[in-house]
Amino acid sequence: MEPQLSAPVTVAVSAAAAAFTASAPPPTSPPVRRHESTAFRHPSTAAAAVAAVVARADAPLVRTPPAAGLRAIIVVPVRNEAEGIRDTLAALCHQQTPTGEALPPETWEIIVLANNCTDNTTTVARRFAHARPGLAVHVVARTIRAPHNHVGTARRWLMNEAARRLTLVGRTTDGVIVSTDGDTRPTPTWLWHLLREVAAGADAVGGRILTEHPVPTAPNAPPDPYQRHARRYHLRDVGYHLLKAHLEATLDPDPADPWPRHHQHFGANLAVTPRAYAAVGGLPALRCLEDMAFHRALLRADLRVRHCPQAVVLTSARQDGRVECGLSTQLREWAEMGLQDRPHLVESGYQLATRYRARYVLRALWCAQHRGAHPPGPTGLPATAADLGVPADWLRDELCVPQPFGQLWEAVEQRQRDEGRWVARWPLIDIRKATQQLYQLVHGQQVWTWKALND
């Protein structure tokens, strides 16, 4: 049985929502999150949107026509991955259902983009593809010129190509673009779980990413302090974010992303429909963190993003990564923090609870406003603005703007940074203390009152 928050918390959230707007649904039936035009969901409109995004891309990467039954395309940007690309492709080629049946090979394909490689990655990948003629594995080699020679460009090229090919076979609305990396190995049922989530209504899916930390090469070898610190800080971070996701699912539940869920939505394990991909203008071609920017764009458009715990990949915990700012960079930073005994500072459990509570109530106000029930009244809005640390008049004006809720919430977060009151009220604390707070809140071991949240 799943642990739940204590009764006072549920009652407090329900009472607060009722006080702010009579039309707000109870927490067990949260306000509608979607604001997307229904016209966009029509196949012809979605296909036109995909065509507009793809038209800005370069020439097609793959000349071979897609199979008529194609449903999913896995894209893999790689640079100098000769040592690991074979393992990645082998894991991809063994995708199956939970009962062990191989996924029909005519329904999915793989596109590898070997960009700016100085080793024999392309040769290794092509040999692998030629040895498995039963599955479409396209290996493309390209040199991306400066200043665009980074993972953001490579992944965008690939995702654009996948969107183009799925549109050619009429899979704009129910096809799936799947992204992973060249140092990553999906588990056997990974693709099946991603496809299942999209079939259930998700516009995008973030899968679970587990790391493979190196093991000592010699028996009884003492652990490397650098690796030990990186692993310890990493595990603390994972525990904190999983509890954070659980609290969010409890206080501001999303019907498209119910608990159990997780917190990851990164390029090593990410799926999106061509329709949703086009709705946000495609993947931003950033030098790094392009996946996080893409996730923010999905939320800004109120698209349905699912964090599926069963869609699992294993990725390298190496600290000499191929991108400027990725997991390897974070692991190096954590290792340095451990060696210097520096604290890992994060948002407190009470800060997160206040945010989720206020966001839930703000969404109820947004729904009331844009459903035409009544404009934001003077009773509850000032309290919500005070909780969020933004001016009430500004928040009232923003609520009246016809915009997706995700766009409104992004404006609130920006205003919080500009005002400075939210940051001043909630200083960062050590991750171990924050994790303890989250555990107590999630598992109901702490009496939680409005005063406790605001002290």
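In the predicted model, Trp366 is buried, with a relative accessibility of 4%. In one of them, the ring centres of Tyr277 and Phe294 are 5.9 Å apart and the planes meet at 55°, so the pair is classed as tilted; an angle over 60 degrees would be needed for edge-to-face. This pair links distant parts of the chain, with Tyr277 in helix H8 (residues 274–279) and Phe294 in helix H9 (residues 290–300), 17 residues apart. Tyr277 counts as buried because its relative accessibility is 1%, below the 20% cut-off. Phe294 is likewise buried, at 0% relative accessibility.

The rings of Trp366 and Phe405 also have their centres 5.9 Å apart, but their planes lie at 70°, so this pair is edge-to-face. Trp366 belongs to helix H11 (residues 349–370) and Phe405 to helix H14 (residues 405–419), so the pair ties together parts that are 39 residues apart in sequence. Phe405 has a relative accessible area of 3% and is therefore buried.

Charged side chains also lie over aromatic rings. The charged end of Arg132 sits over the ring of Phe128, at 3.8 Å from the ring centre. Arg359 is placed over the face of Trp409, with a distance of 5.7 Å to the ring centre.

Strand S6 (residues 204–212) pairs with two strands, S7 and S8. With strand S7 (residues 270–272), S6 runs antiparallel and is joined by three bridges. With strand S8 (residues 305–316), S6 runs parallel and is joined by nine bridges. Val205 has a bridge partner in each of these strands: Ala271 in S7 and Arg306 in S8.

Asn115 is located in strand S2 (residues 108–115). The relative accessibility of Asn115 is 4%, so this residue counts as buried. Apart from neighbours within four places in sequence, the contacts of Asn115 are Pro77, Val78, Arg79, Arg142, Ile144 and Ala154.

Technical notes
Residues are numbered from 1 along each chain as its sequence is written. This is a predicted model: local features need pLDDT of at least 70, side-chain atom pairs count only at pLDDT 80 or more; totals for chains, interfaces and linings use all residues. Side-chain values use heavy atoms; hydrogens and water are left out. Helices (H or I, at least four residues) and strands (E, at least two) are DSSP runs, numbered from the N terminus. Buried means under 20% relative accessible area, exposed over 50%, partly exposed in between (1.4 Å probe, protein chains only). Contact means heavy atoms within 4.5 Å. Rings of Phe, Tyr and Trp (its six-membered ring) pair if their centres lie within 6.5 Å; planes under 30 degrees apart count as stacked, over 60 as edge-to-face and the rest as tilted. A charge sits over a ring if NZ of Lys or CZ of Arg is within 6 Å of the ring centre and within 35 degrees of the ring normal. Two strands pair if DSSP finds at least two bridges between them.
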